[in-house]
Amino acid sequence: AGREPWSSREGDFSKARKRLERKPPSIERTKGSEILFGIAPCSVALSQSRRDLFRLFLKQSSGSRRIVMSEFTLQAMARGVPVHHVKRRELDALCRGQVHQGVCLEATPLRFKSLEEAENPDLGDEESPNRQPIWLVLEEIQDPMNLGALLRSAYFLGVDRVVTSRRNSCPLTPTVSKASSGAMEVFDVYSTDDLRSFLKAKTAEGWEVVGTVSKPEDVENVPVISCSEFRWNKPVLIVIGSEGDGLSLETQLLCHRMLAIPPGRALHPNIESLNVSVATGILLHSICSQKLRDGD
């Protein structure tokens, strides 16, 4: 009978200890900051001067990634950013359970640039008379994973500018940066409150506005061609619609042509389209490779 109270107290201590182990210590954030996570976004952000950087958090005893963590420490020291070595559960808490790969960076957020900055950018060789600029225009892309993948493809394939509609669109979050594998940290993204006026203005400047569609039969009054048949000899805007609905009818009617990706087989009724970021990667490769060939 004398052992029961001790057993009961031991159980209470065990439960309390487990509660403490489950709850990570709170790290007070700098006001107005956000937490970038993942090796690529944090490394690229440290190498740029686009954000104010407050603290770098690295996982203790990183094992096989010790060399990577040492490189991060040197990178942060060069920028004057304090380095904190913390346990994994503290990193998990900082980025709310996202895949951080042992690295988190506290920094100011990135914002969309205004179109006024896009109208008079420092374009360098883009102003050459033989240069054919290509801009990617996004209408109401809402999923941060899709937006990140779109930015990664656009950066890799040579798109000159990305413009997004401000309304019903995903902001430039740490999740977007992670999905872009850090491309968001080096690639400016512009936004507009009035996408249709922007498209009309670029048409008046001599640009071709090219929309995209998954089902050609859904388009009226605008010619639809396969992306492999598309040829261009003037500046071009490639307009991508939202994940669920594609391009709005009003935006479709501002397009000179619509591009479709022909499927490689007869499709099941429930699997008739591609993910928006995958489709955009295919379209951009088809279009941008022409620019590369023409430049050779």
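A crossover is right-handed if, with the strands pointing away from the viewer, the path from the first strand over the helix to the second runs clockwise. In this predicted model, β7, α7 and β8 make a right-handed β-α-β unit.

- Strand β7 spans residues 161-165, and five of its five residues are buried, so the strand is largely enclosed by the rest of the structure.
- Arg161, Val163 and Ser165 point one way from β7, while Val162 and Thr164 point the other way; all are buried.

**Strand pairing and crossovers**

- Strand β6 (residues 134-138) pairs with β7 in the parallel sense, over four bridges.
- Within this pairing, Val163 of β7 is the bridge partner of Val137.
- Between β6 and β7 the chain passes through helix α6 (residues 144-157), and this β-α-β crossover is right-handed.
- β7 and β8 also run parallel, joined by four bridges.
- Here Val162 has Val189 in β8 as its bridge partner.

**Salt bridges at Asp188**

- Arg50 forms a salt bridge with Asp188, and their closest N and O atoms are 2.6 Å apart.
- This pair links distant parts of the chain, 138 residues apart: Arg50 is in the loop between α2 (39-47) and β2 (53-59), and Asp188 is in the loop between α7 (174-179) and β8 (189-192).
- Arg50 has a relative accessibility of 30% and counts as partly exposed.
- Asp188 is partly exposed as well, with a relative accessible area of 22%.
- Lys113 forms a salt bridge with Asp188 too, with the closest N and O atoms 3.5 Å apart.
- Because Lys113 lies in strand β5 (residues 113-114) and Asp188 in the loop between α7 and β8, the pair ties together parts that are 75 residues apart in sequence.
- Lys113, at 29% relative accessibility, counts as partly exposed.

**Salt bridge between two strands**

- Arg257 forms a salt bridge with Glu208, and the closest N and O atoms are 2.8 Å apart.
- Arg257 lies in strand β12 (residues 257-260) and Glu208 in strand β9 (residues 208-212), so the pair ties together parts that are 49 residues apart in sequence.
- The relative accessible area of Arg257 is 21%, which makes this residue partly exposed.
- Glu208 is buried because its relative accessible area is 9%, and buried means under 20%.

Methods. Residues are numbered from 1 along each chain as its sequence is written. This is a predicted model: local features need pLDDT of at least 70, side-chain atom pairs count only at pLDDT 80 or more; totals for chains, interfaces and linings use all residues. Side-chain values use heavy atoms; hydrogens and water are left out. A salt bridge is a side-chain nitrogen of Lys or Arg within 4 Å of a carboxyl oxygen of Asp or Glu. Buried means under 20% relative accessible area, exposed over 50%, partly exposed in between (1.4 Å probe, protein chains only). Two strands pair if DSSP finds at least two bridges between them.
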